[in-house]
Amino acid sequence: MTTLMTTPPGHDVILFDGHCRLCSAGARKLERLLGGKGTELRSFREEGGLAAFPGVSYERCENAMQLVQADGRVVEGAEAIVRALGRRAWGRLLYVYYVPGLRQLVDWVYGIVARNRFRIAGRECPDGACAVHFK
C-alpha cells in the first residue's frame, strides 16, 4: 500500500465536505472531541481549499474525509478518524479498528455512508449552487 504524501502543513488538517450536513456535523463533533487543539478543519470545497495539498485530489475528498498529518502523510476515511482521535489518551481505544476483519467491516460501512451522504442527511450549500452527487 502506497502512502500518499503532500506538503507538510506543520499541524493536522482534516479535509471534509462542507456541503454535506452529515460531514459538517461530524467535523464539528470531531473538533469538540479533539478539544480544538492542533487540528484544523477545512472544507475541501472552499475556494483554494486543496491548493496547499498537491496530490490530494478533489475525487479522493469526494470519496472520503482526508487527514493531512503534520508531516504530510495523508490517511482517509475511517482511518483518518481513528488517527486523529488516537492522539487523545482515551482515543487509543479506537485502535481496535486495526483488528483484522474489523477494519474491513468499518471501511465498508464508511464507504456506503460516504456514497450516500447526501441522501442520508441532505446538502448544505451556502450559495445554493451545489449539486447532489448520486453515484
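Predicted model: local features only at pLDDT ≥ 70, side-chain atom pairs only at ≥ 80, totals over all residues.
Local features require pLDDT of at least 70 and side-chain atom pairs pLDDT 80 or more, whereas totals for chains, interfaces and linings use all residues. Residues are numbered from 1 along each chain as its sequence is written, and side-chain values use heavy atoms, with hydrogens and water left out.

Helices (H or I, at least four residues) and strands (E, at least two) are DSSP runs, numbered from the N terminus. Helix 1 spans residues 21–34 and has 14 residues. Its first and last C-alpha atoms are 20 Å apart, close to the 20 Å expected at 1.5 Å a residue. The expected span is 1.5 Å times one less than the number of residues. Ser24, Ala27, Leu30 and Leu34 are the buried residues of helix 1. They cover an arc of only 125° around the axis, which places them on the same side of helix 1. The arc is taken over the directions from the helix axis to the C-beta atoms. Buried means under 20% relative accessible area, exposed over 50%, and partly exposed in between (1.4 Å probe, protein chains only). The cover over these residues includes strand 2 (12–16), strand 3 (39–43) and helix 3 (78–85). Just after helix 1, Gly35 adopts a positive phi of about 75°.

A nonpolar patch lies on the surface, with about 870 Å² of accessible area together. Its members are Leu22, Val96, Val99, Leu102, Leu105, Val106, Trp108, Val109, Ile112, Val113 and Ile120. Patch residues have over 30% relative accessible area and no salt bridge; nonpolar side chains (Val, Leu, Ile, Met, Phe, Trp, Tyr) are joined within 5 Å, like charges within 9 Å. A salt bridge is a side-chain nitrogen of Lys or Arg within 4 Å of a carboxyl oxygen of Asp or Glu. Helix 4 (residues 102–115) supplies the largest share of the patch, 7 residues. Val99 sits in the loop between helix 3 and helix 4. Val99 is partly exposed, at a relative accessible area of 40%.

Phe53 occupies the loop between strand 3 and helix 2 (58–63). Phe53 is buried, with a relative accessible area of 2%. Leaving aside neighbours within four places in sequence, Phe53 is in contact (heavy atoms within 4.5 Å) with Thr6, Thr7, Pro9, Val13, Leu15, Arg42 and Val68. Phe53 and Pro9 are 44 residues apart in sequence and 8.4 Å apart in space, C-alpha to C-alpha.

Pro9 also touches Gln69. Gln69 lies in the loop between strand 4 (66–68) and strand 5 (73–76). Gln69 is buried, with a relative accessible area of 3%.

Terms used
Areas by Shrake-Rupley, 256 points an atom, 1.4 Å probe, with all protein chains shown as cover.
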